[in-house]
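Thank you all for coming; I would like to walk through one model this morning, strand by strand and then pocket by pocket. Please have the display open as we go.

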Amino acid sequence: MPAEVLKGAPVAEALSEQLKTRIAALAERGVVPCLGMIRIGERPGDLSYERSATKRCESLGIKLEKHVLPAGVTEEELISLIEKMNDDRAIHGILFFRPLPAEMDARRVCDAIAPEKDVDGITSRSMAAVYAGEEHAFFPCTAQAVIEMLRYYKIPVCGKRAVVVGRSLVTGRPAALLLLREHATVTVCHTRTADLKAMTREADIIVTATGHINTVTAAHLRSGQVVIDIGINYDEIRQKLCGDVDHDAAEQIVDAISAVPGGIGAVTSTILASHVVEAAERLAE
């Protein structure tokens, strides 16, 4: 029996309904939540996320201020733009797409964002607060989206074995931390993991966050598993977006797998919207 395909749209809609009341309350106080978005270049994954975030924010009445910078933008020019957005009280959250160009000091750029506007949890201060379990910290949106998707589809996490494939500060590590908070037993794997196939076959829940096509194939899977595919890649041969998992093969093996596209992205953009709303509420108070 083919796997259940976990769509992001119903999860996003459920979360959006909760946001509408809060946005209306802000409107009564003359506050319109606003996200400042920065994109460098034209990477397909960035464009996909931007479309999803734009659609979600516009549907909720969240204002967007977009800045598209050329691939050759300098680090100083990018930081200057971030500082201007920090000083603009009409902007409540700041998001830029990563990875940044290799010649930039990514940590310096991330830390240029004012902590109160760091709606994707990328500054050193935000990450420290997240790992310390401080409630005011914004978690990275994609990692939080993983938990929301599992929760919506009533997939048990407590006591389950979870394997996260990918150890980036952006997705892999925060996803592992959130799964730990939900009382899963978590293993983080990466490119140097010995016998990755054995590790993933032992898991009840697999979260992939590598950014590489076919990181997980049929040989990595068994029946009874749930797979959340965070990856957004562009398949040059098929000329379409795809995830980290060989979905055609996986759907014939596992119990459930998130769609790509149409899966985690919609949930991520809604989590982002919720963080912008929360940042606006904090400033209004």
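Let me begin with terms: two strands count as paired if DSSP finds at least two bridges between them, and helices (H or I, at least four residues) and strands (E, at least two) are DSSP runs, numbered from the N terminus. What you see is a predicted model, in which local features need pLDDT of at least 70 and side-chain atom pairs count only at pLDDT 80 or more, while totals for chains, interfaces and linings use all residues. Residues are numbered from 1 along each chain as its sequence is written, and side-chain values use heavy atoms, with hydrogens and water left out.

With that settled, look at β2 and β3, which run parallel and are joined by seven bridges; C34, for instance, stands opposite K63 in β3. On to β4: four bridges join it to β2 (residues 34-40), again in parallel, and L35 has G93 as its bridge partner there. Together these make an open sheet of three strands in the order β3-β2-β4, whose edge strands, β3 (63-69) and β4 (93-96), each pair on one side only. The twist averages 15° from one strand to the next, where axes are lines fitted to C-alpha atoms, for helices over the stretch in contact, and angles run from 0 to 180 degrees between N-to-C directions. Helix α3 (residues 75-87) packs on this sheet and touches β2, β3 and β4 (contact means heavy atoms within 4.5 Å), its direction making about 175° with that of β2.

Within it, β8 (residues 226-229) and β11 (residues 256-258) pair over two bridges, and V226 stands opposite A256.

In β5 (residues 161-165) we find V165, which is buried, with a relative accessible area of 2%. V165 and C189 are 24 residues apart in sequence, yet 4.7 Å apart in space, C-alpha to C-alpha.

Finally, the largest pocket has a volume of about 1200 Å³. On a 1 Å grid over the protein atoms alone, a cavity is a set of points where a 1.4 Å probe fits but cannot get out, whereas a pocket is an open set with protein on both sides within 12 Å along at least five of seven lines, and lining residues have an atom within 4 Å of a point. Grid points are joined across faces, edges and corners, and a volume is the space filled by probe spheres set on the points. The lining has 46 residues, of which D46, R98, P99, V170 and T171 lie nearest the centre, and its largest share, six residues, comes from α2.

Methods:
Buried means under 20% relative accessible area, exposed over 50%, partly exposed in between (1.4 Å probe, protein chains only).
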